[in-house]
Amino acid sequence: MIEFELDGKTVQAKPGSTILEVALSEGKYIPHFCYHKKLSIAANCRMCLVEVEKARAPAPACATPVTEGMKVHTCSKLAVEAQKGVMEFLLINHPLDCPICDQGGECQLQDLAVGYGRGASRFEEAKRAVVDKDLGPLVKTTMTRCIHCSRCVRFSDEIAGYQELGMSYRNNHVEVMPFIGKTVDSELSGNIIDVCPVGALTSKPFRDVARSWELSRRKSIAPHDALGSNIQVHIDKYHKVVRVLPLENEALNECWLSDRDRFSYEGLYHAERATEPMIKQDGKWHKVDWETALTYAAKSINGVKIDHGADAIGVLASAISTSEELHLLQKMMRAFGVNNLDYRLEQQDFSLDGKTEGVSYLGSSVLDLIANKAVLVVGSVLREEHPLLTQRLRQASKRGMELHSINVMAQDLLAPVATEITLDPRELVYALAQVLQATLEITNKSSNVDLSQVIPNAKTQAIAASLVKNQGHVLLGRVARGLANYSELVLLANEIARVCDGKIGTLPSLANEVGAQLVGFTPYRAAFNGYFTKGLNARQMLENQRKAYVLLNTELEQDGYSSQLALAALNKAETVVVMSAYTNDDMLEYADVILPITPFSETAGSYVNLEGTWQKFNGVTRPLGEAKPAWKILRVIANKLGLDGFEYTSIEDVRAELSNLADTSSYLNNQANIDGLKIVPAQLNGLIRFGITGIYNSDSIIRRSHSLQQTPWAKLPTLALNAKLAKILGVVDSSEVQVKQAHAQRKFTVSVCDDLADSVVLLAKNSTTLSFAGSFDAIEVNA
């Protein structure tokens, strides 16, 4: 440790620490603008000048490392005069528009100008003006306010991974700008609003909506992926969510937030919000009171049980639902004799049901994952599935992690990738088997998997060598979970982890997939790895159509593996009870009763994130209209069904039954049993669809966020294939082609790219493809 003197106090610091870092850790504030703890040192604002004894001039505290015996004065006459001088220069061209600036009330420049600014300006020349830049639908610019701290430039380069902003010209003409004709399109772009210390970059959706001091600030958890980012939700005086900001959590999201977590709040007030209970009679919808709707729902469910038995009822829920909601729904339905319940709406292979050791999860903490020296990601479009986790892997790969990818689509992770393999979805199992075979050859170990027909290639050998050397971590993503042979991928990944003395993990797509498993919302196991049950999984419930369906928090035709299969089953059912925060045209066709529930922002609940951490939150605002929290609705329906054990008066009563979630470590286990697995090369007959779920199409709230739907990410082509396949089919880029899958066919404009394998047709899951079949089913394309 280095010992030096800071404002007369002897302090110790690690070698390489800067004066500013040590001062902040000691509770001593030094004014600054360009310094940010997560970004590189720029030292270009000069606001942090301090006096260092024996130095020729004041030194920038952010860029000056401490040395043994150094004496630093942060508030001496020399230091303060230097800081005031810098402030005067910063204000020379800054407009006096604080009353109309969205940053007013939370502006660093405004705060520091009070302490270090002059009462009147000595600058009599004309202030310069800078033309505003178009950075896209999310970030609004007022570049005359820019003080050129370069935080936004460094963020885009170092954290987002691609420098979309830069500083042009010199001296008094310096401007921060994007590339000519380009916008800022990163999935993390909103963070430049946070790092900007002035009002140059502000939120476009929040523009002129409210003043910061009028807002209430409440803590919550982001519901749009399994990382469980901590957020701060801002509520205006009309009890409306108007802004979402990151809440620092170093173990998860650090101080960053993905754009979908930041801007999705717009979807909370979409015109399709369900705000009144409704029942359908004679093909027409009627708004009714809650008592009528709940009685109707209970009688409908009970009627199907009386006429057809409990097995005629299927229960499907999205994992965006809270742990409390899922717990009460499974408790109610099991008490009613129904074991057909599932949250795995996108899955088609359920071979491992009842054969796993515990609850699948990341396989480690996030911090342990990024500390690993080798990670293999199988079947995941990382940037779209997990924007912030990808950012952490990006930083780790820059520090030396060997990152490998095996996927059905090439992707630019904006990070050093040691090995990337892109292939047909039907070849994923064989590729992973090649990695396993190579690890066995390196370690001289054996496996129960029959690999007699598996021959590794150079890329899979390189991946194996890296995993063996570094005891690597194998991760299975959303794409992998949708495949027909997902169970084989799980077994092979387990074997690789065993042979390498490494780890295996999954990357859950939605906020509470781990929680859904823990509370027993599966057809094969009760809560907390309890007794085994026998029920139908999600696919079986739709293929073997039930007489009644109970849906929670899902638009099944958009959330499920096959829109075609879901709509066919729901439209033929006698009764469909929907508990949803939203309605849509398809739902109004197949549903018989719609019970409006509150989204995460209007209810108390909890999620268990991908590493197994239980995070509780409270509702941040009032329910919209007559909507009610789902746990209250389930409690009343259970009472009307005559079930015991549902006498809850508060969310805490429900949570009391979930106390085991406080420590989930004993339930988390990704191991699965291997039983006579034989791997053979894949037979590629015909074309296969890749039904990608876009980053801004992953749940009901995001799909209705206007600003997110204006981004380039939301406007990516619905149909794409590679140049070789396009040539075979006789189609050219931007031409119109006929696409057929099962009983659905439609014309789409095709995009020709180099990111897909020769036999793969990317047909995204969105509102234009609702009538099509499974995400990885056979498909036809005709010119």
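**Exercise 1. Determine whether Cys-48 is buried or exposed, and whether the structure contains disulfides.**

*Solution.* Cys-48 has a relative accessible area of 1%, so the residue is buried. This is a predicted model. The next step is to look for a sulfur partner. The closest cysteine sulfur to that of Cys-48 belongs to Cys-62, at 3.7 Å, which is too far for a bond. The cut-off required here is 2.5 Å between the sulfur atoms. A search of the whole structure gives zero disulfides. As a further cysteine, Cys-500 is also classed as buried, because its relative accessibility is 3%.

**Exercise 2. Describe how strand β28 is placed between its partners, and state where its side chains point.**

*Solution.* Begin with the side chains. In a regular strand, side chains alternate between the two faces of the sheet. In β28 (residues 719–722), Leu-719 and Leu-721 point one way, Ala-720 and Asn-722 point the other way, and all are buried. Next, consider the pairing. Strand β30 (residues 744–753) runs parallel to β28 and is joined to it by four bridges. Strand β31 (residues 760–763) runs antiparallel to β28, with two bridges.

**Exercise 3. Classify the ring pair Phe-690 and Phe-776, and locate both residues.**

*Solution.* The structure holds seven aromatic pairs. In the pair considered here, the ring centres of Phe-690 and Phe-776 are 5.8 Å apart and the planes make 25°, so the pair is stacked. The pair links distant parts of the chain: Phe-690 lies in strand β27 (residues 687–690), Phe-776 lies in the loop between β31 and β32 (778–782), and the two are 86 residues apart. Both Phe-690 and Phe-776 are buried.

The charged end of Arg-243 sits over the ring of Phe-206, 4.5 Å from the ring centre. Lys-305 lies over the face of Phe-336, at 4.2 Å from the centre of that ring.

**Exercise 4. Give the strand order of the open sheet of seven strands, and identify which helices pack on it.**

*Solution.* The order is β14-β13-β24-β23-β22-β15-β16, and the pairing is mixed. The edge strands are β14 (284–287) and β16 (341–342), each of which pairs on one side only. Within the sheet, β13 (residues 278–281) and β24 (residues 593–596) are antiparallel and share two bridges; Ile-279 has Val-593 in β24 as its bridge partner. Helix α7 (residues 290–308) packs on the sheet, touching β13, β15 (313–317), β22 (548–552), β23 (575–580) and β24, and its direction makes about 130° with that of β24. Helix α21 (residues 630–640) lies across β22, β23 and β24, and also runs at about 130° to β24.

Definitions and conventions. Residues are numbered from 1 along each chain as its sequence is written. This is a predicted model: local features need pLDDT of at least 70, side-chain atom pairs count only at pLDDT 80 or more; totals for chains, interfaces and linings use all residues. Side-chain values use heavy atoms; hydrogens and water are left out. Buried means under 20% relative accessible area, exposed over 50%, partly exposed in between (1.4 Å probe, protein chains only). Two strands pair if DSSP finds at least two bridges between them. Rings of Phe, Tyr and Trp (its six-membered ring) pair if their centres lie within 6.5 Å; planes under 30 degrees apart count as stacked, over 60 as edge-to-face and the rest as tilted. A charge sits over a ring if NZ of Lys or CZ of Arg is within 6 Å of the ring centre and within 35 degrees of the ring normal. Contact means heavy atoms within 4.5 Å. Axes are lines fitted to C-alpha atoms, for helices over the stretch in contact, and angles run from 0 to 180 degrees between N-to-C directions.
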